[in-house]
Amino acid sequence: MAKNPYYLTTAIAYTSGKPHIGNTYEIVLADAIARYKRNQGYDVRFQTGTDEHGQKIEIKAKEEGITPKEFVDRVSDEIKRIWDLMNCSYDKFIRTTDKDHEKQVQKIFKKLYEKGDIYKANYEGMYCTPCESFWTASQLVDGKCPDCGRECEKAKEEAYFLKLSKYQDRLIEHINTHPEFIQPESRKKEMMNNFLLPGLQDLCVSRSSFTWGIPVDFDPKHVTYVWVDALSNYITGLGYDVAGDSDGLFDKYWPADLHLIGKDILRFHTIYWPIILMALDLPLPKQIFGHPWLLQGDGKMSKSKGNVLYADDLVEEFGVDAVRYFVLHEIPFENDGVITWELLAERVNSDLANTLGNLVNRTISMSNKYFDGVVADSGVSEPVDEELKAVIDAAAGKVKEKMDQLRVADAVTEIFTLFKRCNKYIDETMPWVLAKDEEKKPHLAAVLYNLMDGIRVGATLLDAFMPETSEKILRQIGAEKGGVEDLKAGGYRSGTKVAEKPEILFARIDVAEFMKKIQEKQEAADASSDEGGEGASAENVIDIENKAEITFDDFMKMQFQVGEVIACEEVAKSRKLLCSQVRIGSTVKQIVSGIKADYTAEEMVGKKVMVLANLKPAKLAGVLSEGMLLCAEDADGKLSLLVPERDMPAGAEIC
């Protein structure tokens with residue numbers, strides 16, 4: 001019987017630098033979904049890769065004195081190394097510098113031009129290099145990019161444009177009639193209310209001010225702009241051909257079942273990409289899921305904040321499966337998750353060493369101690385045993401329900417609920433007490449069989465999320481993995497002999513000692529960076545244009561105080577602004593700040609911040625602001641709030 005195809009993609013990673021654990025989360029999430037679908041019996045095609053063109057790459061390569069191709073070759077290899085390190089089972093790693101991809105992008109561009117959906121005009125407006133986005137003056141927020149909050153530069157050049165407006169109504173109709181198309185629901189509302197319903201402006205799809213891109217073959221002074229180039233990877237990676245000579249893979253797997261992307265690039269995938277497909281007369285993907293972010297403890301990860309965690313550093317300390325478990329379990333369906341060294345260490349102890357590792361170790365050890373390692377079902381069953389069997393029976397169905405909804409963290413929780421129930425069953429039945437009474441040996445045998453059966457089901461379900469751990473457990477208990485569709489209680493083969501000595505799956509961590517080691521490593525790295533010669537010093541300083549000198553009297557007019565954020569919310573109709581209620585002494589001031597690109601409203605609450613408290617009130621985006629939060633800004637426009645080094649009371653004067 002032929003397997004049903006299932007095509008899953010991640011966003012392709014931009015080759016501007018090494019991916020941090022927040023970037024890596026997406027490939028691990030996709031891998032868990034792909035593995036689970038394979039275990040269900042689907043014929044899965046899992047594609048990922050790298051996005052390698054653009055002005056930002058051209059600039060970075062020039063700074064390093066190498067060609068753009070040399071630069072992206074190095075970074076793409078590093079990204080692929082990280083994906084492989086995390087045990088990701090992708091079928092295709094596409095690069096947008098692949099010749100077959102470049103050839104098809106040229107064909108796509110030409111077809112849309114000949115069809116009249118792409119036209120040439122002059123562009124004059126504002127351009128954000130980091131986002132590679134054009135904006136009109138009316139779209140800017142406080143004069144800066146509405147997506148990232150950075151400065152934009154004036155740009156004027158000849159360019160080709162895609163007629164988004166032509167397909168706007170058709171896309172709105174598709175979204176309304178396909179409620180599963182954009183997930184979660186909140187992301188759909190954001191796209192509809194902020195972009196589609198107000199009306200789309202035509203999209204710039206070529207550039208002529210730089211050369212690192214795919215040339216427009218009928219107008220070589222232009223290169224194809226990022227959206228047509230990068231987004232098309234989802235079909236070129238299947239061998240799509242505009243002329244109709246597509247590979248069998250395209251016919252088999254398109255349309256995609258799932259595009260898995262970060263919530264920050266939702267607009268490109270739910271508006272630009274569907275319209276490109278409509279213009280090509282191709283079916284749209286079935287579902288696009290904009291997953292939340294994995295945040296470092298003090299906010300969104302960024303190199304400028306110095307709070308970046310990398311997958312290989314985490315794996316060195318915890319192992320691949322522990323890191324996979326954490327990122328999959330700790331990020332909810334719709335809200336951002338948080339990662340720190342300490343949280344990961346504590347989760348290893350509580351969930352992996354205690355709940356899972358201890359369960360497997362105890363059960364194998366008792367089987368060896370009481371029955372020479374042979375696990376046989378005696379058929380004895382009491383109410384306590386039936387209760388466990390009911391939990392075992394229900395586990396696979398509960399995991400399937402969560403995975404069908406893409407609630408991966410909840411699916412992992414269901415598996416560990418089974419493991420926790422097995423541990424409780426040990427406490428309820430007390431095998432060591434049963435072993436002292438010869439008449440109760442049959443019940444003891446049944447207890448150990450039921451435990452092994454529960455471990456078998458849990459370990460089989462765990463394969464999608466922690467494949468190495470799953471394999472280790474199943475090998476030790478003498479069970480085969482099998483599929484996840486028919487997992488029921490009683491499937492463990494009676495008479496199986498388990499390993500003579502259980503393998504420690506996860507060792508407990510002394511969290512205090514561990515954090516001391518991490519702190520020492522960080523201090524050593526910081527000291528090395530401070531000493532580091534030209535390369536280090538160049539990255540740690542920024543020169544800005546000097547403003548006019550002020551007198552001491554001018555300075556004394558400014559009232560700087562410590563404030564405590566007691567509430568914060570996003571400003572409606574603004575992509576950049578947060579509105580904070582800040583306690584300063586016995587008063588509360590409302591302060592609007594353009595920091596939304598770097599901080600969420602939730603993480604602002606409770607922060608001690610530095611405030612210019614006597615700034616004349618003004619309205620920003622129609623909201624009254626009664627002060628200013630002080631921030632530092634790096635060369636990329638990333639912001640970091642200035643906070644007191646020690647805990648200071650709200651209202652303390654900064655002098």
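This is a predicted model: local features need pLDDT of at least 70, side-chain atom pairs count only at pLDDT 80 or more; totals for chains, interfaces and linings use all residues.
Close-up 1. C631 takes part in no disulfide, the nearest cysteine sulfur being that of C568 at 12 Å, and with a relative accessible area of 31% C631 is partly exposed. Because a disulfide requires a pair of cysteine sulfur atoms within 2.5 Å, the 12 Å separation between the sulfurs of C631 and C568 does not qualify, and the count of disulfides by this rule comes to zero.

**Close-up 2. Surroundings of T97.** T97 lies in the loop between β4 (92-95) and α4 (99-114), where T97 is buried, with a relative accessible area of 7%. Its side chain makes a polar contact of 2.8 Å with the side chain of E52. Leaving aside residues up to four places away in sequence, T97 touches E52, H53, K69, V72, E102 and W212.

**Close-up 3. The open sheet containing β6, β5, β7 and β9.** Four strands form an open sheet in the order β6-β5-β7-β9, with antiparallel pairing. The edges are held by β6 (133-135) and β9 (203-204), each of which has a single partner strand, so one side of each is left without a neighbour in the sheet.

**Close-up 4. The pairing of β7 with β9.** Strand β7, which comprises residues 153-162, runs antiparallel to β9 and is joined to β9 by two bridges. In this view, F161 stands opposite C204 in β9.

Technical notes
Residues are numbered from 1 along each chain as its sequence is written. Side-chain values use heavy atoms; hydrogens and water are left out. Buried means under 20% relative accessible area, exposed over 50%, partly exposed in between (1.4 Å probe, protein chains only). A polar contact is a pair of N or O atoms within 3.5 Å; within protein, one must be able to donate a hydrogen and the other to accept it, and residues adjacent in sequence count only if both atoms are side-chain atoms. Contact means heavy atoms within 4.5 Å. Two strands pair if DSSP finds at least two bridges between them.
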